[in-house]
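Thanks for coming. Please have the sequence and the structure open.

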Amino acid sequence: MPEPQARLTSVTKVFETPQGAAVHALGPIDLALERGEFLTVVGPSGCGKTTLLELLAGLTVPTAGVVTFEGEPLGGRVPPGVGVVFQEDASLPWLTVWDNIAFGLRRAGVAAQEIRARVDRAVDFMGLGAFARAYPAQLSGGMRQRVCIARTLVLEPRLILLDEPFGALDQQTRLLMGDELLRLWRESGATVLLITHAIDEAVMLADRIAVMSARPGRIIDLVETGWPAQRSSRIVEDEAFGRLTAHVWSKLRAESMKALGRDQVGVSRE
Amino acid sequence: MSRIVRAQIGAIASFIAVLELLTRLGVIDRLTMIPPSEMAGQLWRLLTEGALNAPMAQTFVNVALAFVLSVSVGMASGLAIHALPRLRRLADPLLASYYAVPFFVFYPLLIAIFGLNRWPLVAIGFVFGTAAVVIATLNGLDRVPRVMRKLARVHRLGRIEEAFLIVLPAAVPHLFTGLKLALAYAFIGVIAGEFILSGSGLGHAIAYAYDSFDNETMYALMLFVLVLAIALNAALHLCEQRLLRRRRRA
């Protein structure tokens, strides 16, 4: 068995509130990300999806359990080879699109010629050619998110973690951005983990879908989609898409109600 | 030129014209105020004769030193206070009541420490400006989005790299407020210090003209200081606007 790209073993996360109360946010969770797979994570609001991503990124440390990347345990530092795209706009407003994308490469000490080649390629790949010299303020929300994805992509990460990157976009744009994401996943060969609250997006993009419970978030189902690698947003027309979406929703519905507190006030789960 | 700028220039021109009229008609006594045209004429004479060269050099160097010191020390202190929550809890109430302290009363102490030279005046300008820079730096740092700090960690930046490449650029709009206030306070501190306590500089020249009943020189110098302070602040404002234009959402 090849070593998984990343693994969470019996991972739990408990936060302490400013008032000193303990909030059990996540776990215990066991999850292995296989090399080159596209895994999506869906779950009710506040179930710890972002915490899960931050644990895998090394942005936060588990209260219990172990997180490894390529066999090495993470110690609260983001290891080389991991790229993260955040839910919020993380473009740097004082840099042009081109300089935003080059930011990480410059920090990594990559040679200027190599930076030029990689950034130009990413700018073309993400369809930002006409805006390379523009500032993020001159772009739409979707384009700014593309800049952030390109900035991650040029570093050629082996694991790309995306936290609801299309959350603020309309449905049509999200579907098209999903196509772009699938294209970059195929071409980069990277392992991708995408957090989303949109079930259709999770089903359309994934090789596997991790369904999480209400807080404390646990993985209650891992669904294999069986999609071919050469897929696109057209897959929503497939008969299996509806079946998978219904299956995921059936798992998620009760948990979403729990998250809303409805199971305690007598709202029907049927 | 925008309509607002035209309106602002128009308002100032009208004010000057009304003042000119009132002083020329004798509604305002000449002993109280001379016409603005005479202030400008006397200022031109003083400038062309070189009578202001020495006090100007003295004041400019003092203001520049007070400004540079208050910005560098203020920003460094702001960064340190922000990074240390315990220090922040201690500093917040002190900063809130900082400007209630009449710093001029410390001038004798400053002379005892620094001697009878420019440094007590620079120190007055410095203590006036520093807190404004610290407060503006803290405000700016408080408003840096959390995602920017996560981004710094994703790119494995050290603390100094994070400060200079992410945090300070993200806080620039607030830092500029601190710069503008530091310049204004440096001017106020130095000129007021020279006026009350010093034997040189533009502030002293104004006080000397006042004591000598030399209204022409006194008003000419006041006009000069006023125009200079406004021009410097406007220059900083223009820099700020140019820098921020690219950041504004279209």
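In what order do the four strands of the open antiparallel sheet in chain A run? The order is E2-E1-E4-E5. Before I go on, a caution: this is a predicted model.

Back to that sheet. The edges are held by strand E2, residues 22–33, and strand E5, residues 72–73, of chain A; each has a single partner strand, so one side of each is left without a neighbour in the sheet. Inside the sheet, strand E1 of chain A, residues 6–16, runs antiparallel to E2(A), and eight bridges join the two. One of the pairs to look at is A:Glu16, whose bridge partner in E2(A) is A:Ala22.

Helix H1 of chain A, residues 49–57, packs on this sheet. H1(A) touches E1, E2 and strand E4, residues 64–69, of chain A, and the direction of the helix makes about 120° with that of E1(A). How many of the nine residues of H1(A) are buried? Nine of the nine are, so the helix is largely enclosed by the rest of the structure. Just after the helix, A:Gly58 takes a positive phi of about 85°.

Now the other sheet. Six strands of chain A form an open sheet in the order E6-E7-E8-E3-E9-E10, with mixed pairing. Strand E6, residues 82–85, and strand E10, residues 219–224, of chain A are the edge strands, and each pairs on one side only. From one strand to the next the twist averages 15°. Helix H4 of chain A, residues 141–153, packs on the sheet and touches E6 and E7 of chain A. The direction of H4(A) makes about 175° with that of E6(A).

On one side, strand E7 of chain A, residues 159–163, pairs with strand E8, residues 191–195, in the parallel sense over five bridges. In that pairing A:Leu161 stands opposite A:Leu193, and A:Asp163 stands opposite A:Ile195. E8(A) also pairs with strand E3 of chain A, residues 38–42, again in the parallel sense, over four bridges. There A:Phe38 stands opposite A:Val192.

Are the residues of E8(A) mostly covered or uncovered? Mostly covered: five of its five residues are buried. In a regular strand, side chains alternate between the two faces of the sheet. For E8(A), one side carries A:Thr191, A:Leu193 and A:Ile195, and the other carries A:Val192 and A:Leu194. Both faces are covered.

Next, chain A as a whole. The chain has seven helices and 10 strands. Its radius of gyration is 19 Å, close to the 18 Å that the globule rule gives for 270 residues, so chain A is as compact as a globular protein of that length. The C-alpha atoms fill a box of roughly 60 × 45 × 45 Å along the principal axes. Of the 270 residues, 44% count as buried. Among contacts in chain A with a separation of 6 or more, 69% come from residues 24 or more positions apart.

On to the core. The largest nonpolar core has 129 residues, and the members that touch the most others are A:Ile101, A:Ala150, A:Leu161, B:Ala182 and B:Ala186. Helix H8 of chain B, residues 159–197, gives the most to this core, with 15 residues. Leaving out residues up to four places away in sequence, B:Ala182 touches B:Phe67, B:Ser70, B:Val71, B:Gly74, B:Gly129, B:Ala132 and B:Val133.

For contrast, take B:Ala83, in helix H3 of chain B, residues 53–83. Why does B:Ala83 count as exposed? Because B:Ala83 has 12 C-beta neighbours inside 10 Å, and the cut-off for exposed is 12 or fewer. B:Ala83 is 89 residues from B:Val172 in sequence and 18 Å from it in space, C-alpha to C-alpha.

Last, the contact between the chains. The contact takes 14 residues from chain A and 16 residues from chain B. On the side of chain A that touches chain B, the residues divide into 10 nonpolar, two polar and two charged. I will stop there.

Methods: Residues numbered from 1 in each chain as written. Chains lettered and ligands numbered in written order. Predicted model: local features only at pLDDT ≥ 70, side-chain atom pairs only at ≥ 80, totals over all residues. Contact = placed C-beta atoms within 7 Å. Nonpolar A, V, L, I, M, F, W, Y, C, P; charged D, E, K, R; others polar. Pairing = 2+ DSSP bridges. Axes fitted to C-alpha atoms, helices over the stretch in contact; angles between N-to-C directions. Rg over C-alpha atoms; globule rule 2.2 N^0.38 Å. Buried ≥ 20, exposed ≤ 12 C-beta atoms within 10 Å, placed from the backbone. Core = buried A, V, L, I, M, F, W, Y, C linked by C-beta atoms within 7 Å.
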